[in-house]
Amino acid sequence: MRKWIYYAFPIIVIFILSSYGFTLNKVEVPKALRVSEAFLVANPQRHSQINEQEVIPPFLGSRFTGFKEALAFKESQGNYFVVNTYGYLGKYQFGINTLNLVGVYSGKEFLSDPQLQEKVFDINLSRNKWILRRDIKRFQGKYIDGIKITESGILAAAHLAGPGNVQRYLRSFGKKDVTDGYGTSIANYIHKFSGYDTSVVTAVRNPRI
């Protein structure tokens, strides 16, 4: 008897409600609000924020192309048209003073011309290699504070901080290090860009476009 009442009770309730004008309608979500696939929410509520993942550059080998693209990725993620918060320009993040040294006097023209940026990068490497040629010969293969000194590391550090600062770092055996505005040091670049083949870079005194 109790079991019969248990099953019959919901039917009786529905009958009574319907007699008073109540109806059970099927609720449908409007098509505009339907979600057909999963997606990321920009600012999820009551949910931990998604940490930004470190972007790893593609590995293009240890030859010169791999060196320059890895350096460009570190500088700007390979973006020819970016200007950082300190006013450094393009894919390799050149300052106006360095551009003037190699014969480029328009930052706007430089930023809009990827081919010119590549030429300036190559010319500046040749200039830095000339200035640092004796230091490369003297320190290559040695260790400073546990970091192996290589030609590619020296050239990368010169791109970061200038050849004069790299000379001071090497000749002081790491005691006179400097950092850029974002906290990246000469030692960091020497370590990060160690072991690339930059033998194709020719040392040239005062090269210009």
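By class, how many nonpolar, polar and charged residues does the lining of the largest pocket have? The lining has 11 nonpolar, 12 polar and four charged residues. The model is predicted, and the points below should be read with its confidence values in view.

**Largest pocket**

- The volume of the largest pocket is about 710 Å³.
- The pocket is lined by 27 residues, of which E75, Y88, Q93, L160 and D180 are the closest to its centre.
- At least two lining residues are supplied by each of helix 2, helix 3 (96-101), helix 5 and helix 7 (151-161).
- Helix 7 provides the largest share of the lining, with four residues.

**Packing of helix 2 and helix 5**

- Helix 2 spans residues 64-76 and helix 5 spans residues 114-131; their axes come within 13 Å and cross at roughly 110 degrees.
- Helix 2 is therefore roughly perpendicular to helix 5.
- On the helix 2 side, F64, F67, K68 and L71 take part in the contact, and they meet E118, F121, D122 and L125 of helix 5.
- Sorted by class, this contact between helix 2 and helix 5 comprises five nonpolar and three charged residues, with no polar residues.

**Confidence**

- The average pLDDT of the protein chain is 84, and 71% of the residues score at least 70.
- Residues 37-54 have a pLDDT below 50, and this stretch has four contacts in the model beyond near neighbours in sequence.

Key
Residues are numbered from 1 along each chain as its sequence is written. This is a predicted model: local features need pLDDT of at least 70, side-chain atom pairs count only at pLDDT 80 or more; totals for chains, interfaces and linings use all residues. Side-chain values use heavy atoms; hydrogens and water are left out. Axes are lines fitted to C-alpha atoms, for helices over the stretch in contact, and angles run from 0 to 180 degrees between N-to-C directions. Angles under 35 degrees count as roughly parallel, over 145 as roughly antiparallel, 65 to 115 as roughly perpendicular and the rest as oblique. Contact means heavy atoms within 4.5 Å. Ala, Val, Leu, Ile, Met, Phe, Trp, Tyr, Cys and Pro count as nonpolar, Asp, Glu, Lys and Arg as charged, and the others, Gly among them, as polar. On a 1 Å grid over the protein atoms alone, a cavity is a set of points where a 1.4 Å probe fits but cannot get out, and a pocket is an open set with protein on both sides within 12 Å along at least five of seven lines; lining residues have an atom within 4 Å of a point. Grid points are joined across faces, edges and corners, and a volume is the space filled by probe spheres set on the points. pLDDT is the predictor's confidence in each residue, from 0 to 100.
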